[in-house]
Amino acid sequence: MSEPTIPSLLYGEIEEELRATLRELLRDRCGWHDVLARIDTDEAYDEGLWKAVAAELGLAGLLVPEELGGAGAGPREVAVALEELGRAVAPVPFLASAVLATSALLACPAGAARDTALRALAEGTRTATLAVTATTWPEAGFPLSVTGAWEGEELSLTGAVTGVLAVDRAELLVLPVIVAGEPHLALVAGDAANLSRGAVTSLDATRPVGQVTLDQVRGRVVAGPEHAERALRLAVCHGAALLASEQLGVAEQALAEAVGYLKVRHQFGRPIGSFQALRHRAADLWSDLASARAAARYAAACLAEDSPDAAVATALAKAYCSEVAVRTAEECVQMHGGIGFTWEHPAHLYLKRAMASALLLGTADRHRAALGALVDLPPAI
């Protein structure tokens, strides 16, 4: 019996080129001063930046096959993009549209409605979201909050979903719905009649969530009972695995900000970074980040190679990277002292993104419990 192949965790040449291009764009158009200025406005997302990322760089179609107008790339490239977007705390709906909604549609059977939607997403002319509560984890049951009834070839949908990522911005909704007691996935236009959307207070102002309410809204089925549950679970699993890479980017930038400050802030005639207690704390964080990078890369690589270890890798990466990102962002605030607690300093951007992301697509506790079951560990007493 042959040993399973371990995916490479190294970055390829194309991935490094993608990183360099996106980092340059974000450096020019998404500095932390820009992000801070935006969260004081009513426009949560930077539409110009999203257009540049989605359409001009073509990153919205990374997961979409070339025959449907996409880049024909894969989860490894998406993970690199998320690292950079996390590093910049970029206010764009990439996770909701290019990862969650796109993954759900790709897992649905081919059809006119699905293919048209994927082409529009790949071109960057439409933005979508997966209309589930943002805290949904891969093994959660199929949502029951929206029901549908057949009206000809379409559905009439009624219900509500709270805490949906980017629902205020999405022009298409991929919506789990129960029809005659069976799970389905429906595609709904964001401007459909009798569909209303409302904002929900979010810890991370750069990534808003909202509520969507449907009262006999028309929608088209893209997955029936035989495919809907699997498509939804795959989308959430892919989202959780790739979100770990964004958490890695947030943590890396938080540590870079902290170390930069330790080098320039002086006390008693010395940089405070020369004090042993702070050096040890920074070194511990660097070590944690090295492990987080390995976990996140392994999860992305398992998705790319459709590895049977993908579920284990996802649970491990999301649980570990969630805690590392929050701890690093907290240390970034603490190491800056008083200035780190001010609104004018970017430290709170990293902390809020890290804390909010730790709740998305399954908490660390949920994923640790899933990991224990996957590797046959007995439950804790």
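In which helix do E16 and R19 both lie, and how many residues apart are they? They lie in α1, which covers residues 13–29, and they are three residues apart, about one turn of the helix. E16 and R19 form a salt bridge, with the closest N and O atoms 3.3 Å apart. A salt bridge here is a side-chain nitrogen of Lys or Arg within 4 Å of a carboxyl oxygen of Asp or Glu. By this rule the count is 23 salt bridges.

Some ground rules. This is a predicted model, in which local features need pLDDT of at least 70 and side-chain atom pairs count only at pLDDT 80 or more, while totals for chains, interfaces and linings use all residues. Residues are numbered from 1 along each chain as its sequence is written, and side-chain values use heavy atoms, with hydrogens and water left out.

Now the whole protein. There are 11 helices and nine strands; these are DSSP runs, H or I of at least four residues for helices and E of at least two for strands, numbered from the N terminus. For 381 residues, a compact globule would have a radius of gyration near 21 Å, and the protein agrees because its value is 21 Å. That radius is taken over C-alpha atoms, and the globule rule is 2.2 Å times the number of residues to the power 0.38.

The protein is divided into domain 1 (13–127), domain 2 (130–225) and domain 3 (230–375), with bounds from an automatic or database domain assignment. I will stay with domains 1 and 2.

How many residues of domain 1 are in contact with domain 2? The number is 24, and they touch 18 residues of domain 2, contact meaning heavy atoms within 4.5 Å. The two domains bury about 1,800 Å² between them, 72% of it on carbon and sulfur atoms. Buried area is the accessible area (1.4 Å probe) that two parts lose on being put together, summed over both. Y45, A113 and T127 supply 27% of the area that domain 1 buries against domain 2, more than any other three residues.

Between domain 1 and domain 2 there is one salt bridge. The side chains of R169 and E47 meet in a salt bridge at 2.7 Å, N to O. Helices α2 (32–39), α3 (47–56), α5 (94–106) and α6 (112–123) each supply at least two residues of the side of domain 1 that touches domain 2. Of these, α5 gives the most, with six residues.
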